[in-house]
Amino acid sequence: MLSRTLRPKASTLPCIPFRGQIPSSPGHRFRAHVANIEDIPTEEDKPFSVPIPEDSFQTYNFSPPPYSVETTKKQLKRLYHDMTMVRRMEMAADNLYKDRKIRGFCHLSIGQEAVAVGIEHGITRDDKLITAYRSHGFTLMRGGTVKSIIGELLGRQDGISFGKGGSMHMFCKSFFGGNGIVGASVPLGAGIAFAQQYNENRNVTINLFGDGAANQGQVHEAFNMAKLWDLPVIFGVENNKYGMGTSAERASAMTDYYKRGQYIPGLRVNGMDVLAVLSAIKHGKEYVQAGNGPLLYEYATYRFAGHSMSDPGTAYRSREELKAERANDPLSTFRDKLTNWGVFTEDQAKEIDRSVRETINGEVAEAENSPEPELKADVLFQDVYVRGSEPNQRRGRTIDETYYRG
Amino acid sequence: MASPRLFRPAARLLSSRLSARPAFPQAACTPSLLRFRRYATANGTKDVTVRDALNEALAEELESNQKTFILGEEVAQYNGAYKVTRGLLDRFGPKRVIDTPITEAGFCGLAVGAALAGLHPICEFMTFNFAMQAIDQIINSAAKTHYMSGGIQPCNITFRGPNGFAAGVAAQHSQDYSAWYGSIPGLKVVAPWSAEDAKGLLKAAIRDPNPVCVLENELLYGQAFPMSEAAQKDDFVLPIGKAKIERPGKDLTIVSLSRCVGQSLTAAAELKQKYGVDAEVINLRSVKPLDVETIIQSLKKTGRLMCVESGFPMFGVSSEILALSMEYGFDYLTAPAVRVTGAEVPTPYALGLENMSFPQESTIVGQAAKLLRL
């Protein structure tokens, strides 16, 4: 029903009819498509429709999103720009880690950029988002700067959490982290949606977790309450096929994650196609805003890097698989699509790449040059409690290091 | 444990099929203060049970702050497993008094999420024993997020419910978690004993911008305590982190919390009567932050320290206080500090064995006499 109302008029779009549900198999992957479109406007701001391949969605008790999305040349370029930013930032983090400048955890989302970017372009800054530990891309899209994110990874004072959170704990307006406990962020996201409902505002919460977390008990507890109380939340499994080194098939009795809400309508989206993600989120947001209760999305994506920096990502998957997935690279396929459509020329794309590289290099250098947190008790003990409500004294390592308030 | 559904108001039964109810039904607008049976005395104090004091605190805070709501198992229609939330559904409606499914990790996480998003939830656990299912959310999600975010993401939430010793319920339903929560930076932990404690500390917990655990005790719910005129007012709040000297004395400092405060006071009276000894009894009220100053001041005065609590002995509240007494008051101690705690066994069911595993008044008196070489 809803998808029909959202579908653009036939005259503006070479309409691809919905051909019913595509049978799913655990191994089903989406193929990269480059469809031609005609009559691209010359103006940057003039809206037009672009098609979304028909195998981009699989539904569960839910109508599919429209197989086209209304956009502008400007937005398409922006999508490409944003994905390149995330990719380049992650690559910078990769290098910094290998230079031993980043400590501890560092989970990269190279290969999964279309999810973070597509979602951000389908929601507003008043919608809330919470995710698990692979959070750099989302932090950037939610408004964090490259300098503040890289600064945080480097443990600097100018980091987004002032050097106290690190890779997995970044927060900004309408973004609730960055959570390090697998599965625990899902009830939190339901609670954020609960607050939206309580405050009677019409925004939605995007609640993301991985295919590994999908088997946690509390995820299903959150599903239950969200449906029971019709919370405005879109749960989203970022299925990159591996929970650490355990493939989805080896961890889940049923790998159709979008069906695992049982009583919650679901949708599997090609998470390697930023436009499919964008269309799906817009569609889902409309459904949730209408008071229909939660949705469960599955973004079928792939992680090109290892689970974390200590994982080369080769012990549990074959080189052939990796190579095949690389053909679906969300960034290069999108770039091909845009050049084919005539949204930008090869040279213009290179220009975007160059300017992104320049921005990232500049901000990374700034982050590297920014100071580390001051090594004093005032900084160490600050923000354990809300300022003004701190205990009078807190103990350091020894009695002499006891920290007195004020 | 939970009493049968005797207390369910008739009004609730009549309206139970109505899905929409006004937030403030006329009939329920009577201030909760007037709805409880109390016995006034000449100086304005009244006897109030801990249960009613908690109920009053909840009602007052729900009334004054629209961001506050309470959720938990059986808090609404059932009126609370221990009737602490009696009448709140009728008064504030289902938007603010919310029955949850039996999913501690889920609803606790949901409450923490709501707090991160700016609300001030009160999350009731039917008992803190069940909060073990959700302790990850309390510690990793609630207590640590403010620090991890560098101070940009506060979490104003109150976790409350009965904790510690309960009679005849065996091992899984009578554990004391004071030490568990008391050890976590980012949390505040209070443990009320009297009705004034209960009201003042719960209100303070709800108003505090940090996550606070309110560790109540089931056996105290029905106990009545005199409540001063000041404490009966709706602006009564106790400071978190301040202990109270319940009984001044000069010979021995007894530091205690929650239900053991009452036992310690009885023991102190017996010590006076039997041996003529004046024991000072300190009611900690707050486990975290701990009022080190009051304890050490008292220790300096008496020279002897005894801790009484019902937690497991190892790595517990009294272990901490004994360590502090050594760090801050070693030179003032005239005898080694001692502790009376729960025994190092899972709580047994049979009455005699149960008595052996928790501090009794006689245990306290005996240990004090030994300490004082009486």
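Student: Among contacts in chain B between residues at least 6 apart in sequence, what percentage join residues at least 24 apart?
Tutor: The figure is 78%, where two residues are in contact if their C-beta atoms, placed from the backbone, lie within 7 Å. This is a predicted model, in which local features need pLDDT of at least 70 and side-chain atom pairs count only at pLDDT 80 or more, while totals for chains, interfaces and linings use all residues. Residues are numbered from 1 along each chain as its sequence is written, and chains are lettered from A and ligands numbered from 1 in the order in which they are written.

Student: And how many helices and strands are in chain B?
Tutor: Chain B has 14 helices and 14 strands, taken as DSSP runs numbered from the N terminus, with helices (H or I) of at least four residues and strands (E) of at least two.

Student: What share of chain B counts as buried?
Tutor: Of its 374 residues, 55% count as buried; a residue is buried if 20 or more other C-beta atoms lie within 10 Å of its own, exposed if 12 or fewer, and partly exposed in between.

Student: Switching to chain A, why does Pro294(A) count as buried?
Tutor: Pro294(A) counts as buried because it has 29 C-beta neighbours inside 10 Å. Pro294(A) sits in the loop between helix H9 (274-292) and strand S10 (295-300) of chain A.

Student: Which residues does Pro294(A) touch, leaving out those up to four places away in sequence?
Tutor: Its contacts include Ala226(A), Lys227(A), Leu231(A), Ile264(A) and Val288(A). As for Leu228(A), which is 66 residues apart from Pro294(A) along the chain, the C-alpha atoms of the two are separated by 9.5 Å.

Student: How many residues of chain A are in contact with chain B?
Tutor: On chain A there are 35, in contact with 36 residues of chain B. Helix H6 (185-198) and helix H7 (217-228) of chain A each supply at least two residues of that side of chain A, and H6(A) gives the largest share, 9 residues.

Student: Last one: at what angle do H2(A) and H3(A) cross?
Tutor: The axes of helix H2 (residues 73-98) and helix H3 (residues 113-122) of chain A cross at roughly 135° and come within 9 Å, with axes being lines fitted to C-alpha atoms, for helices over the stretch in contact, and angles running from 0 to 180 degrees between N-to-C directions. The two helices are therefore oblique to each other, given that angles under 35 degrees count as roughly parallel, over 145 as roughly antiparallel, 65 to 115 as roughly perpendicular and the rest as oblique.
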